Amino acid sequence: MPLEIIAHRGYSSIAPENTLAAFLAAIEHQADSIEFDVQLSADGVPMVIHDSTLTRTTRIRGKVRKKTLEQIKRREAGSWFDLRFKGEPIPTLEEALSALQNIKKFIYIEVKTHSYWTDEKIDELIDMLLKYQFENRCIIASFNASFIDRIRERSDNFSFAYLVANRTAFRRQLTKAAQAGNTVMMSKYKLLIKNPSLISLSRAQGVDIVAWTVDKPKDLEKLLDLGIVRIATNCLVPEMLDRKIQ
Ligand code: G3P
Ligand code: CA
């Protein structure tokens, strides 16, 4: 199986994470897929942002879910990273999907703050993904397995992935993932390097593993030796990309 390289929050080591600039950089630098995070604004608009607060990436205090779209759009998420990106906006999910619609990349959407997603909001998310024709090229992911199950109950047009960061969660969620028919699970990469038996266990259950976030070529080598062929990275450097064609 060829190596799949997923640009984590876009190509986030050269452009500000979770912005269109980072997504375009990922495309330009040959990422296979793009991962980004989504959470709801106060008026229920899905926004592409990792943290639950605006502080780190806009230098303005406040929770995303307490600010309206209009308030969030007054911020910019580029200059904290580099002044060259000053003015780079926080995209809505719809803006991100629209920008990626005609670029036939696979996307991983990690839905954060699951408890704020009503059934109505989940239906809007599904409709938006269908509107931009992502049904065969999107994995919806969350650390909260029940939340993923809620989305799946409302639409079987997508693939789904549980995220796991420790061994107990890995074993528990793997069983659930196999029962639910998920073909993918996303694991912290260090967990896999420390516990290679988890990889054979998931293979036996028919669940493929995406390792995150792999930024060092030497870690990629270790994971490849263990049979991992899907990784999320912030660094689309030649040492990583070259492994795709070896
Ligand atoms: O790809 C999974 C990974 O993104 C989960 O961690 O904190 O970067 O969203 P985080
Ligand atoms: Ca994420």
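Biologist: Which spacing do the donors of the calcium ion (ligand 2) follow along the chain?

Modeller: The pattern is E-x1-D-x72-E. This is a predicted model, where local features need pLDDT of at least 70, side-chain atom pairs count only at pLDDT 80 or more, and totals for chains, interfaces and linings use all residues. Residues are numbered from 1 along each chain as its sequence is written, chains are lettered from A and ligands numbered from 1 in written order, and side-chain values use heavy atoms, with hydrogens and water left out.

Biologist: What makes a residue a donor of the calcium ion (ligand 2)?

Modeller: A donor is an N, O or S atom within 2.8 Å of the metal, or 3.2 Å for Na, K and Ca. Glu35 (OE), Asp37 (OD) and Glu110 (OE) lie 2.2 to 2.3 Å from the calcium ion, so they are within the limit for Ca. Water is not among the atoms, so the site may look incomplete.

Biologist: Which parts of the chain does the pair Asp37 and Glu110 tie together?

Modeller: Asp37 is in strand β2 (residues 33-40) and Glu110 in strand β4 (residues 106-111), so the pair joins parts that are 73 residues apart in sequence. Strands (E, at least two residues) and helices (H or I, at least four) are DSSP runs, numbered from the N terminus.

Biologist: Why is Asp37 called buried?

Modeller: Buried means under 20% relative accessible area, exposed over 50%, and partly exposed in between (1.4 Å probe, protein chains only). Asp37 has 1%, so it counts as buried. Glu110 has 7% and therefore counts as buried.

Biologist: How many residues are in the largest nonpolar core, and what makes a set of residues a core?

Modeller: A core is a set of buried Ala, Val, Leu, Ile, Met, Phe, Trp, Tyr and Cys residues joined through side-chain atoms within 4.5 Å. The largest one has 61 residues, and Phe36 and Ile231 have the most contacts inside it. Helix α5 (residues 119-131) gives the most to this core, with five residues. Another core lies apart from it, with eleven residues, including Ala161 and Trp212.

Biologist: Which residues does Ile231 contact beyond its neighbours within four places in sequence?

Modeller: Contact means heavy atoms within 4.5 Å. Ile231 meets Leu3, Ile5, Val214 and Met240, among others.

Biologist: How many disulfides does the search find?

Modeller: Zero, in the whole structure. A disulfide is a pair of cysteine sulfur atoms within 2.5 Å. Cys138, at 1% relative accessibility, counts as buried, and so does Cys235, at 17%.

Biologist: Why is the Phe81 and Phe85 pair called edge-to-face?

Modeller: Rings of Phe, Tyr and Trp (its six-membered ring) pair if their centres lie within 6.5 Å. Planes under 30 degrees apart count as stacked, over 60 as edge-to-face, and the rest as tilted. Phe81 and Phe85 are 6.0 Å centre to centre with 65° between the planes, so the pair is edge-to-face. Phe143 and Trp212 form another edge-to-face pair, at 5.9 Å and 90°. The structure holds six aromatic pairs. Ring pairs link Trp80, Phe81 and Phe85 into a cluster.

Biologist: Phe81 or Phe85: which is buried and which is partly exposed?

Modeller: Phe81 has 26% relative accessibility, so it counts as partly exposed. Phe85 has 15%, so it is buried.

Biologist: What makes Arg137 a charge over the ring of Phe134?

Modeller: NZ of Lys or CZ of Arg must be within 6 Å of the ring centre and within 35 degrees of the ring normal. The charged end of Arg137 sits 4.0 Å from the centre of the Phe134 ring. Arg56 lies over the face of Trp80, at 5.5 Å from the ring centre.

Biologist: Where is the cis peptide bond, and what is its omega?

Modeller: The cis bond joins Trp212 and Thr213, with omega about -15°. Trp212, at 17%, is buried. Thr213 is in the loop between β8 and α10 (217-225). At 19% relative accessibility, Thr213 counts as buried. Beyond four places in sequence, Thr213 contacts His8, Tyr189, Ala232, Thr233 and Asn234.

Biologist: Asn18 and Gln30 have positive phi: what are the values?

Modeller: Asn18 has about 55° and Gln30 about 65°, although neither is a glycine. Asn18 lies in the loop between β1 (4-8) and α1 (20-28) and, at 3%, is buried. Gln30 is in the loop between α1 and β2. At 48%, Gln30 counts as partly exposed.
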